[in-house]
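Look at the model first, then read on.

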Amino acid sequence: MADTTEPVVAQAPWERLYELEHRIYAAVPPIDPPGCHWLNEDAGTSYCWECARKAAWKSLGRAGEPPAEPDWWDRSEDEKLIRDKIDGPSSGESDSGEACHTCRRTLSHLLSGTGVDEELGHFAQCPIEDYHGIDGEQSYVLSRIFMNLTGPWADAKRVDEAILLAEAALSAIAVQKPPAIQFD
Ligand SMILES: [Zn+2]
């Protein structure tokens with residue numbers, strides 16, 4: 001009798017993770033977050049561009065809101081002072097997730113190995129199953145972890161933890177919108 005079953009091809013754990021992460025992105029597309037800025041006098045505090053301008057204005061000793069941002073070709077003295085104080089956007093790796101200090105929105109970032117451990121630790125403490133669904137922002141946060149782990153170089157223990165996290169995320173998504181999601 002002919003055996004019609006597919007031959008079992010061993011899938012590396014990181015390949016499984018790659019498959020799972022793309023199911024997450026297909027169901028909940030990650031946001032494309034704004035860049036991470038900081039004041040040159042304090043590189044430890046991250047801001048979105050709008051909040052960085054406000055923080056720079058305050059740091060200049062000015063009261064109230066900064067003036068409205070002019071067109072790019074139109075630079076007032078105040079705008080020059082504001083921009084001289086702001087660095088970024090960052091293109092480096094960080095040791096934790098990046099969110100704006102003021103408005104808490106997620107900012108564009110890459111994670112270092114330490115950052116991956118920190119984020120995995122965060123999700124171990126606050127299981128994603130307890131979230132009320134997953135939004136594009138959380139999908140982006142997950143993508144930062146997974147992108148460090150989807151290759152043969154990845155640490156096996158971290159990959160295993162990330163697979164559990166990805167499976168939990170997919171379960172949470174399935175509960176969130178049951179009719180729309182079909183995982184082959
Ligand atoms: Zn902000």
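Which residues in α5 are buried? In this predicted model, they are Gln 138, Tyr 140, Val 141, Leu 142, Arg 144, Ile 145 and Phe 146. Helix α5 covers residues 136–147, which is 12 residues. Its first and last C-alpha lie 16 Å apart, close to the 16 Å expected at 1.5 Å a residue. The cover over the buried residues of α5 includes α1 (13–27), β5 (110–111), α4 and α6.

Now take two helix pairs. Two packed helices are described by the angle between their axes and the distance between the axes.

| Helix pair | Angle between axes | Distance between axes |
|---|---|---|
| α1 and α5 | about 165 degrees | 10 Å |
| α4 and α6 | roughly 40 degrees | within 11 Å |

Start with α1 and α5. Their angle is about 165 degrees. The two helices are therefore roughly antiparallel to each other. The crossing of α1 past α5 is left-handed. From α1, Leu 17, Glu 21, Ile 24 and Tyr 25 take part in the contact. They meet Ser 139, Leu 142, Ser 143 and Phe 146 of α5. By type, the contact residues are five nonpolar, two polar and one charged.

Next come α4 (residues 113–125) and α6 (residues 156–176), whose axes cross at roughly 40 degrees. That angle makes α4 oblique to α6. Their crossing is left-handed. Val 116, Leu 120 and Phe 123 of α4 make the contact with Arg 158, Glu 161, Ala 162 and Leu 165 of α6. Here the contact residues are five nonpolar, no polar and two charged.

Note on methods:
Residues are numbered from 1 along each chain as its sequence is written. This is a predicted model: local features need pLDDT of at least 70, side-chain atom pairs count only at pLDDT 80 or more; totals for chains, interfaces and linings use all residues. Axes are lines fitted to C-alpha atoms, for helices over the stretch in contact, and angles run from 0 to 180 degrees between N-to-C directions. Helices (H or I, at least four residues) and strands (E, at least two) are DSSP runs, numbered from the N terminus. Angles under 35 degrees count as roughly parallel, over 145 as roughly antiparallel, 65 to 115 as roughly perpendicular and the rest as oblique. A crossing is left-handed if the near helix is turned anticlockwise from the far one by less than a right angle, and right-handed if clockwise. Two residues are in contact if their C-beta atoms, placed from the backbone, lie within 7 Å. Ala, Val, Leu, Ile, Met, Phe, Trp, Tyr, Cys and Pro count as nonpolar, Asp, Glu, Lys and Arg as charged, and the others, Gly among them, as polar. The expected span of a helix is 1.5 Å times one less than its number of residues. A residue is buried if 20 or more other C-beta atoms lie within 10 Å of its own, exposed if 12 or fewer, and partly exposed in between; C-beta atoms are placed from the backbone.
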